[in-house]
Amino acid sequence: MPYEKCGLMRARLFGSMDRRDFLLSSASALLLGGVGGMRGAKAATTVTLVGWEGYDKPLEGYLKANNITLDPTYIGDSNQIISKLTSGGVGRVDLVTPNVTYVPLLVRLNTLAAVDESKVPNLKNVHPFFLGNPSIRIDGKLYAVPYVWGGVPMMYDPGAIKEPQSWSDVLKPEYKGKVSMLDNLNNIQLAARVVTDAKVPTRLTQQQLKDAVDFLIKVKGQTRVLATSYGDMADALARGEAVITFNGWEVVVKKAADKGKKVAYTYPKEGTFGWMDCYCIVRDAPNSDVAHALANEALSEPVQLKAGEGELLGILNTDAIKKLPAEARALYPYDDLEGFSRKVGFFPVAPLKAEGDIASFDDWKKEYLRFKNA
Amino acid sequence: MSTISRSAFLVAPSLLIFTGLFVAPTLYFLLVSFWRFESYELIRELNLDNYREVARDYLMLGFYTLFIATIVSLFAVILGFIYAYVARFKAGRFGSFMLFVALISLFGGYLMKVYAWRTILGTEGIINNALMALGIVSEPVTWLLYNPPSVVLTLTNFLFPFAMLPIAAAMRGIHDSELESARDLGARFTAILFDHVIPRCRTGIVTGFALCFLIACGDWVTPVLVGGRMTMLGNLIAAQFGEFLDWPLGAAMSFSLLAAAFLVVLTFSQIMRIFDWR
Amino acid sequence: MWMAVAALFFLFLLLPLALVVLFAFTNRTLTNFPIDELSLRWWRAMLEHPQFAPSLRRSLTIGGSVALVSAVVGTAAAAGLARLPRRAATSLLALLSLPMMLPPLVLAVSLATFYVSLDMQLNLFTVAASHILLTQPFVILVVYAQLRDFDVRILESARDLGASPLKAFATITLPIIAPTVLGAALLAVAISFDDFVITFFTIGSGNTLPTLIWGMMRSSVTPMVNAIGTLILAVTIISTLLGLSLTRYRG
């Protein structure tokens with residue numbers, strides 16, 4: 001009878017509906033919980049940052065105290081900052097932390113906003129050596145707030161080898177398979193110092209560029225694996241898989257020590273380059289004021305001290321430098337920055353467009369691609 | 001509403017997503033491969049420069065990538081065939097459990113699987129530990145990791161379910177009775193294999209190969225994590241959308257890779273026709 | 001003898017995953033043997049990591065919305081396909097499965113290029129939309145398989161009793177296929193939650209759990225990576241297990 005059939009169907013209907021309802025509602029709860037969670041986070045100010053992981057750590061206290069949420073995208077290479085900003089980042093990203101060498105390029109690409117110095121009063125506490133870096137000011141306007149710095153020394157295992165003297169030491173046959181090389185375009189600068197006589201290693205002719213990359217390809221043959229980060233490099237040294245490196249960072253000493261390995265570094269005779277990561281305000285930043293405040297806070301003594309002490313970064317707040325504990329202070333040549341600058345150059349990146357015979361940044365990238373292909 | 005129009009109405013959203021999010025972007029990407037990128041600007045002039053560059057500079061890398069992908073897919077298909085055969089014909093009820101395990105493994109992660117091989121093959125990994133404990137070597141063996149064989153091993157491990165499952169599905173259609181009568185007629189194992197089993201799952205084998213190959217040829221994560229200095233074309237393509245920004249070149253590389261992959265899969269499919277099922 | 005072969009395969013398949021989980025409980029900083037003692041240290045570190053909670057939230061949000069949308073769209077499409085002749089249905093299904101046949105990298109970068117060229121912001125929405133491309137064929141396949149064998153006579157008798165097509169679907173078909181749809185949705189969650197390549201290129205800013213561990217793998221390689229990885233594994237495997245048992249998938 002139709003009536004019975006309806007009853008049967010209704011019974012089946014209710015039975016299944018209950019289970020379906022329950023499962024569907026859990027799914028929606030999951031979804032809404034996710035959305036609700038996100039909405040909750042947005043009640044505070046959200047600052048979008050594209051930069052290096054770990055830099056935001058010393059700022060954690062300040063962020064919490066001022067109800068600021070950081071929405072970071074971590075990069076493995078400053079070039080990724082350029083990529084992100086030129087492909088839709090302008091108007092959406094607030095802060096970036098590029099190496100100072102790229103600031104002129106970023107300004108040329110119209111991706112940065114001039115820093116309102118009145119909102120960054122802590123600038124006056126920055127050591128003059130770093131404040132004097134020519135790349136942070138373009139046409140008289142400040143575009144970068146220096147934050148931390150470092151050199152690019154050669155790391156080595158003092159228990160396994162004697163202190164190396166030259167970048168070309170990595171080519172020694174006894175080091176085959178035991179070289180750790182960072183996968184970074186700026187290695188070209190190091191190679192240029194070894195095989196060319198270019199005065200400014202970021203201004204190379206096409207031939208010098210080619211020679212430099214040829215050298216890098218030779219070094220690549222000595223490696224087992226390209227380190228994609230300094231963490232990788234520390235790992236390789238800690239495991240004994242590498243005894244010498246091409247490109248390095250003073251903090252690798254700490255990273256390796258954390259893993260139980262003693263590592264040392266040296267600035268080879270040909271010299272090297274240094275870097276200085278800065279907070280830059282992106283053009284049309286949605287939270288420009290908060291971004292300025294964060295950049296300012298990054299220069300404050302407590303934050304700089306945390307960066308220098310906790311992360312062992314090279315810092316530039318003069319008061320903080322004085323208060324550094326001995327171990328952290330010994331890592332960087334604070335007392336002889338002039339001598340340091342003779343061995344370690346801070347150069348702006350290759351020009352955006354080729355200038356005469358000088359290779360453009362595009363050429364650098366093409367050549368580095370050749371290195372990657374090898 | 002007629003059946004067809006009602007069907008059209010129901011399938012429309014899926015097709016819309018498909019067209020808008022797949023067809024359109026792919027066509028646009030193809031267009032981009034004919035443009036140029038200079039000083040961080042996309043220059044919308046049609047030209048063949050990118051393809052010329054691919055042919056000039058990246059041919060070797062392309063072939064190498066296809067070569068690795070082929071080896072990986074062949075291994076995966078052979079292993080998959082063995083596993084599917086065992087599951088279907090030798091394991092009885094346990095067989096569906098075997099398939100189940102493989103199915104779980106299919107969905108169970110990508111990154112971590114690749115990363116895990118570092119702990120197996122590394123200088124302080126399981127294999128080295130075992131070798132040292134057994135006294136076979138006095139120092140850890142370094143050549144297990146950060147080289148092409150480790151990439152092949154890792155990719156085969158990851159792609160194995162992709163190859164096995166289509167083959168298993170195809171094997172379902174083989175009746176035990178058919179094989180038994182062949183055996184009763186005195187056919188040897190290899191004959192049964194080549195005359196009956198393989199022809200019946202030919203499409204499954206080709207599908208498995210194709211899936212594995214297409215995933216393997218574009219892989220860039222595995223070379224980065226376990227390949228050491230090894231580069232596959234995928235690494236360079238990924239770089240064009242990360243540190244470098246040469247989209248046109250990346251697009252040209254991608255489509256060249258796709259075209260080549262298509263040729264390889266087609267070739268494999270043709271070769272498998274030897275086993276054409278009468 | 002065959003058991004030995006099967007066992008070897010199981011080892012091959014499961015050893016890597018087992019190791020990932022094992023090292024999530026080590027107390028050392030290097031992911032290597034020997035393990036001195038088991039500890040929850042890295043799980044605590046994971047929970048304390050400032051990016052963990054936001055990444056987890058993002059992964060869940062994307063997974064939930066992908067599952068929901070693909071379930072609805074996929075079921076509708078499966079219902080539509082079920083009415084078509086076999087040949088047409090399987091061809092359409094093959095067409096819709098094309099995105100799965102591309103190398104994920106190529107799909108990812110072409111989508112990213114497309115979105116950016118349209119001046120769209122890369123965010124969770126673009127990620128979810130991209131995932132749906134991959135999950136909808138799964139849902140359609142699974143639901144269609146069941147609908148194809150569905151006995152249409154039940155539907156016809158409902159129609160005879162005066163129910164509209166929609167009502168017939170809602171009261172008869174839906175409850176029967178509900179477990180399958182839910183199962184397929186769970187599989188969609190597993191696919192989306194685990195996805196790395198597509199997410200990496202289409203997310204813009206922020207992280208999901210897979211992109212978070214990728215970033216960690218490249219900067220500070222500690223067993224915290226294993227902890228997060230184990231979490232991802234747990235979610236995808238449990239989701240898959242539930243999903244498969246619900247769909248009673250037979251291939």
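How many salt bridges are counted between chain B and chain C? The count is 0 salt bridges, and the points below, which concern a predicted model, begin with that interface and then turn to some local features of chain C and chain A.

1. **The interface of chain B and chain C.** On the side of chain B, 72 residues are in contact with 81 residues of chain C. The area buried between chain B and chain C is about 6,900 Å², and carbon and sulfur atoms give 81% of that area. Besides the count of 0 salt bridges, there are 5 residue pairs in polar contact between chain B and chain C, with both residues at pLDDT 80 or more.

2. **Arg58(C).** This arginine, Arg58(C), is found in helix H3 of chain C, which covers residues 52-82. Arg58(C) has a relative accessible area of 12%, and because buried means under 20%, Arg58(C) is buried. A polar atom of the side chain of Arg58(C) lies 3.2 Å from the backbone oxygen of Asn207(C). When residues up to four places away in sequence are not counted, Arg58(C) touches Leu124(C), Ile203(C), Gly206(C), Asn207(C) and Thr208(C), and also Asp71(A).

3. **Strand E8 of chain A.** In strand E8 (residues 179-182) of chain A, Val179(A) and Met181(A) point one way, whereas Ser180(A) and Leu182(A) point the other way, and all are buried. In a regular strand, side chains alternate between the two faces of the sheet. E8(A) pairs in the parallel sense with strand E9 (residues 223-227) of chain A over 3 bridges, and Ala227(A) in E9(A) is the bridge partner of Leu182(A). E8(A) also pairs with strand E10 (residues 244-246) of chain A, in the parallel sense and over 3 bridges, with Thr245(A) in E10(A) as the bridge partner of Ser180(A).

4. **Asn247(A).** In the loop between E10 and helix H9 (252-258) of chain A lies Asn247(A), a residue other than glycine whose phi has a positive value, near 85°. Asn247(A) is buried, since its relative accessible area is 1%.

5. **Asn110(A).** A positive phi, near 60°, is also found at Asn110(A), again a residue other than glycine. Asn110(A) has its place in the loop between helix H4 (103-108) and helix H5 (128-131) of chain A, and with 42% relative accessibility Asn110(A) counts as partly exposed.

Definitions and conventions. Residues numbered from 1 in each chain as written. Chains lettered and ligands numbered in written order. Predicted model: local features only at pLDDT ≥ 70, side-chain atom pairs only at ≥ 80, totals over all residues. Heavy atoms only, no water. Contact = heavy atoms within 4.5 Å. Buried area = accessible area lost by both parts, 1.4 Å probe. Salt bridge = Lys/Arg side-chain N within 4 Å of Asp/Glu carboxyl O. Polar contact = N/O pair within 3.5 Å; in protein donor to acceptor, adjacent residues only side chain to side chain. Helix = DSSP H or I, 4+ residues; strand = E, 2+ residues; numbered from the N terminus. Buried < 20%, exposed > 50% of the residue type's maximum accessible area, 1.4 Å probe, protein only. Pairing = 2+ DSSP bridges.
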